[in-house]
Amino acid sequence: MAKHSLQQVKQRFGIIGNDPKLDRAIDIALQVAPTDLSVLITGESGTGKENFPQIVHQYSNRKHGPFFAINCGSIPEGTIDSELFGHEKGSFTGAMGTRKGYFEVADGGTLFLDEVGELPLPTQARLLRVLESGEFIKVGSSKVEKTNVRVVAATNLDMVNAVEKAKFREDLYYRLNSVPIRIPPLRDRSEDIPLLFRKFAGDCAEKYMMPPITLTDEAKEKLKNYRWPGNVRQLKNITEQISVIEQERLITAEILQKYLPNNEVGMLPVSIHQIHESEQKSFANEREILYQVLFDMKKDITDLKSVVKSMMEGSAQHSPYNTSSNEMHHSPSIITNDNTRVSVPVKYEAMQKKITLDEPERNNIQEATEYEESALSISDVEKEMIMKALERHNGKRKLAANDLGISERTLYRKIKEYSLLG
């Protein structure tokens, strides 16, 4: 595309910068616009991904058709299918009438699915069918309907990693990724940073009727060398802060440094201690809960192995097996060689006779323990955790969900799954 045409596009959509990677992204958007290929826009949060679907739509044959932008991450999982594909009257609680979804009302136009990586897996399957055949079914209906919609998607997630972790369908990823557009982060276009700063400073000065701020050469270098984890959005916020707060209109490096945080999200390494602390206090999802439970169980079994081994290696007078059967049945703990008491599960306390082990039997203890560990059911552990959490909070699901580190909706689904409603 000619250089002057590229500048016209930037002016029309308010894009600031002359970086070659940014120009390349705009050029790809212009080249793919006249086609009906799906486009996947990737890039970090705050890089300005929302401008590119507009470019694709306005320079396409659908520019006179409708354009809808939907943030998939802001719609609850229970209603996302209804929002996208519509529903019939009475299809679920609160469905007082028939409703058209975005794929129906955007017929002949463009649909921008922002944060597409947040879509639940069932919705991903529905979306794949629309992209492949143009067909969809409303929630609560059996009638197949047709639509002619061009889909442009965007995400700040690593989609390859999401596919590997089974959080995003591989077939849908390749279907959306017909034409990929990568938006570079601000730190990779350092020469554009002073231009953006000047633009934001001028807009703020005009809005609040004040003289615009300017930077010294040293301040410009500091601005260009900063990492900008929040990208263009963060630069705009800091420019507005300085414009409003500082009385001095010429900003030096010392003044600028006060507004550049040193502990920004994503910039500090996380210590091992912090990781362990976060694991103990909160969990992001059900899988992390199960991993933590299994890790704790493995640690407990390992400790129990050590106790049993120390008991066998100790002298006979220190062994708990020399006590009477009655004492063993009621004893809540085991006395080890160092005279400390170690609590053990009840099923190990209820032994009723003296136990003597030959050497071959001792060698088999570890294998038997490992077999018992592998025989544990993950669903049983999860069910027991949920029951205990509900007991601790007298059946209050919200408090129990907070205790488990999951959402109340997920807890309710698990309660129904394990038939714990009673």
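Q: Why are H18 and H19 called oblique to each other?
A: This is a predicted model, in which local features need pLDDT of at least 70, side-chain atom pairs count only at pLDDT 80 or more, and totals for chains, interfaces and linings use all residues. Residues are numbered from 1 along each chain as its sequence is written, and side-chain values use heavy atoms, with hydrogens and water left out. Helix H18 (residues 378–392) packs against helix H19 (residues 397–404) at about 125 degrees, with the axes 8 Å apart. Angles under 35 degrees count as roughly parallel, over 145 as roughly antiparallel, 65 to 115 as roughly perpendicular and the rest as oblique. H18 and H19 are therefore oblique.

Q: Which residues of H18 and H19 meet, and what is the make-up of the contact by class?
A: Met-385, Ile-386, Ala-389, Leu-390 and Arg-392 of H18 meet Arg-397, Ala-400, Asp-403 and Leu-404 of H19 (contact: heavy atoms within 4.5 Å). By class, this contact has 6 nonpolar, no polar and 3 charged residues. Ala, Val, Leu, Ile, Met, Phe, Trp, Tyr, Cys and Pro count as nonpolar, Asp, Glu, Lys and Arg as charged, and the others, Gly among them, as polar.

Q: What makes Thr-123 count as buried or exposed?
A: Thr-123, in helix H6 (residues 121–133), has 1% relative accessibility and therefore counts as buried. Buried means under 20% relative accessible area, exposed over 50%, and partly exposed in between, with a 1.4 Å probe and protein chains only.

Q: Which residues does Thr-123 touch, not counting those up to four places away in sequence?
A: Thr-123 touches Ile-80, Asp-81, Leu-84 and Phe-85.

Methods. Axes are lines fitted to C-alpha atoms, for helices over the stretch in contact, and angles run from 0 to 180 degrees between N-to-C directions. Helices (H or I, at least four residues) and strands (E, at least two) are DSSP runs, numbered from the N terminus.
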